Amino acid sequence: MPKDYEDIPGTYVMDGRHCRLGYQLNMFCLSLNEAANREAFRADEGAYLAQYPVTPAQRTAVLERDWLGMLQLGGNIYYTFKLAIFDGRSMQYVGAAMSGVTEDSFREMMIAGGRSVEGNRSKKEQARG
Amino acid sequence: MPKDYEDIPGTYVMDGRHCRLGYQLNMFCLSLNEAANREAFRADEGAYLAQYPVTPAQRTAVLERDWLGMLQLGGNIYYTFKLAIFDGRSMQYVGAAMSGVTEDSFREMMIAGGRSVEGNRSKKEQARG
Amino acid sequence: MAKLICGVGTSHVPAIGAAIDNGKTQDAYWKPLFDGYQPARDWIQDNKPDVVIVVFNDHASAFSLKLIPTFIIGVAPEFKPADEGYGPRKVPSAEGDPDFAWHLAEHLILNEFDMTIANEMDIDHGCTVPLSIMFGEPEQWPCKIVPLCVNVIQYPAPTAKRCYDLGREIRAAVEAYGPDTKVAIFGTGGMSHQLQGERAGLVNADYDQNFLRMLTSDPEQLKTLSHVELMREAGTEGIELVMWLIMRGTMSLDAKEIYSFYHVPASNTGAGLIILED
Amino acid sequence: MAKLICGVGTSHVPAIGAAIDNGKTQDAYWKPLFDGYQPARDWIQDNKPDVVIVVFNDHASAFSLKLIPTFIIGVAPEFKPADEGYGPRKVPSAEGDPDFAWHLAEHLILNEFDMTIANEMDIDHGCTVPLSIMFGEPEQWPCKIVPLCVNVIQYPAPTAKRCYDLGREIRAAVEAYGPDTKVAIFGTGGMSHQLQGERAGLVNADYDQNFLRMLTSDPEQLKTLSHVELMREAGTEGIELVMWLIMRGTMSLDAKEIYSFYHVPASNTGAGLIILED
Ligand SMILES: [Fe+3]
Ligand SMILES: [Fe+3]
């Protein structure tokens, strides 16, 4: 059954389906809350990540810091942001990466009042142009 | 404010006050769910127990297997029973110990239909005789 | 369309599981109990559910005082038997039903039940003993399982009314689930028992038998039971009976009693079983 | 007798905490925001609560997808700042109020809110940033804290109506608490923001400002907000606004607005603050 929120553009709602898809990916990200785990991940990203039964696509997305890809593969921003914290990156850096612009232009968009909701409410509305 | 259930004789309700009192005691008992912890406790009960900030009275009650005392000091039967499991004791053994009879006579009471509720409903009722 | 085919109420005393696991069901002590269970086993064998919602309480096994949810629904693909201190029971792992369980969780939260969702959890005797009572000793359980845990250890448990109402909403959720699915629900725990204190060993057969009767005839009355009455009359651990009311709430008001049975004692407990058909 | 003295709504953006921790509150970027906060700091300084109920969501810090409670109430004597990946924020631990928190938990569960009780938990920026916003940088927080966490990460969050109704019941619980206690409640999170996806950076100032106005003038209308409207208009993370409705539910219908303030942006978020007096 299609969900009403699936009509919102550029948005990955963490519903049950999404949660199941990304469970291991998100739990890996969560583990970076612990200093010892951060050290282990820093020492050998691939070996550390191998402890979590993520899919090959998820593994690639993590190692390549494909921020949008992680969401599309079940990631949730509050979890994947742990990886950005690990990298010393800001939420604006990640926001820019996911929306395909530079960090500077993302920051300027925010200072100018953020991304407008006009034209961004609905996929159906967008399709009608 | 007195609680209505405080009128029930021979009964220690796990309310907030009780939970706070027995938190560390119960969490110690819970730890015996893990085989490695059971081994460590078996090797040196006192040293293992020292990892939990229980009160001296709780510590004595544990080491002496004072089943009623543990409840009076904040224990909950589902938690303290982990210690009985560790000892290879049954719920009837513990029930007998808490109610001050032998295990045999407790078992016979159960086969005869259990402890009657008559005369055991209310402290007030008991006081009236 | 999913459909609730029956509700079962049953005690979940660990000693009953141990009797099965140790081949003692035909011993003099246990035979009357297992003879009483047989018609229920036959009935469920003839009315195979696809999935069973097992309402039970965790007994300091998978969860603890650190974090005490009132209602937990397990959405995992698999639930392993918990180590309760003896090592895990040697029974099959339960296969979950994530699609159905997520549907239930979403429906219940959107309809004002403040569920806790468990993506990982072990199941203790509260869940595995009712499965053994109803299904015996198969290699694999014959259906999927959705565990639904209720806090009855830390005071206050949810009220009888809240449990009954949760049952009503579970029924609505089942009826809103698209896939053809035969759903059973087991409400477990109790009946009268007090494990703790100087009053340990309390059993109130009259109270239990009346509860069994009213479960069919007057559930709306049972819904008004207070915690203090349940603890006074059925023992502190007898408060587990509120979990039977979740089961009862899922059934229509005039649900039919298929079978009912009562026996004292199973270890320290009054053991009852009931099957209600919608 | 306990009394609710005020409700505060505020965003809890981590960057606001970082600006305080790194001494940047007078930088050009942050000054307008902190200037806007000053009257609220002055007001709470003059109206010292004994205890603050801080309604917030944990952001994958103390809790995780493993077990997702809808509502958690913290009854511990102390709550330490969580390590969210940077090491814990260097702010004081919060002193809990176990007597009051247990009273709330019991009252709420007995009145049909299915709370999860936490005997141990760390608090993340969702809780500590509002404390910093209102109280600055003291050696110790000037009051006790009862953390109340709401799931807004996993869909579905509790509905706007359920949150508002929880607030109503919290008010009843406060009024039933014997000891003389001045209670404040902070509803935190939001306002509009979307952290994720191609739509990241969405801010809807009109929506936020209207929300702030309606919070005083027409809370019963806000109570009907749907999840899809909140996500569409205020961004997926803007759904945190349901936590403001818990705060609003505790206040009388005609509560008075003492102060209201709005600023864009704080990092990726529309930042608002409101004080309501009963
Ligand atoms: Fe039980
Ligand atoms: Fe937040």
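The side chains of A:D7 and D:R232 meet in a salt bridge, 2.9 Å from N to O. A salt bridge here is a side-chain nitrogen of Lys or Arg within 4 Å of a carboxyl oxygen of Asp or Glu. The count between chain A and chain D is three salt bridges.

The model is predicted: local features need pLDDT of at least 70, side-chain atom pairs count only at pLDDT 80 or more, and totals for chains, interfaces and linings use all residues. Residues are numbered from 1 along each chain as its sequence is written, chains are lettered from A and ligands numbered from 1 in the order in which they are written, and side-chain values use heavy atoms, with hydrogens and water left out.

**Chain A against chain D**

- In contact (heavy atoms within 4.5 Å) are 48 residues of chain A and 40 residues of chain D.
- The two chains bury about 3,700 Å² between them, and carbon and sulfur atoms give 59% of that. Buried area is the accessible area (1.4 Å probe) that two parts lose on being put together, summed over both.
- A:Y78, A:M110 and A:R115 supply 17% of the area that chain A buries against chain D, more than any other three residues.
- Across this interface, 27 residue pairs are in polar contact, both at pLDDT 80 or more. A polar contact is a pair of N or O atoms within 3.5 Å; within protein, one must be able to donate a hydrogen and the other to accept it, and residues adjacent in sequence count only if both atoms are side-chain atoms.
- On the side of chain A that touches chain D, at least two residues each come from α1 (16-31), α2 (35-43), α5, α6, α7 (91-99) and α8 (103-111) of chain A. Helices (H or I, at least four residues) and strands (E, at least two) are DSSP runs, numbered from the N terminus.
- That side of chain A divides into 26 nonpolar, 15 polar and seven charged residues. Ala, Val, Leu, Ile, Met, Phe, Trp, Tyr, Cys and Pro count as nonpolar, Asp, Glu, Lys and Arg as charged, and the others, Gly among them, as polar.

**Domains within chain A**

- The assignment gives domain 1 (11-88) and domain 2 (90-128) of chain A; such bounds come from an automatic or database domain assignment.
- Their C-alpha centres lie 23 Å apart.
- Seven residues of domain 1 of chain A are in contact with six of domain 2 of chain A.
- About 620 Å² is buried between the two domains, with 84% from carbon and sulfur atoms.
- A:W67, A:I77 and A:F81 supply 67% of the area that domain 1 buries against domain 2, more than any other three residues.
- Helices α5 (67-72) and α6 (77-87) of chain A are the elements that give two or more residues to the side of domain 1 that touches domain 2.

**Sheets with strands from chains C and D**

- One open sheet of nine strands runs β10(C)-β11(C)-β1(C)-β9(C)-β2(C)-β8(C)-β4(C)-β7(C)-β3(D), with mixed pairing. Two strands pair if DSSP finds at least two bridges between them.
- β10 (256-266) of chain C and β3 (67-68) of chain D each have a single partner strand, so one side of each is left without a neighbour in the sheet.
- β2 (51-56) and β8 (144-150) of chain C pair in the parallel sense over six bridges. C:V52 stands opposite C:I145 in β8(C).
- β4 (71-74) and β8 (144-150) of chain D pair in the antiparallel sense over three bridges. D:I73 stands opposite D:L148 in β8(D).
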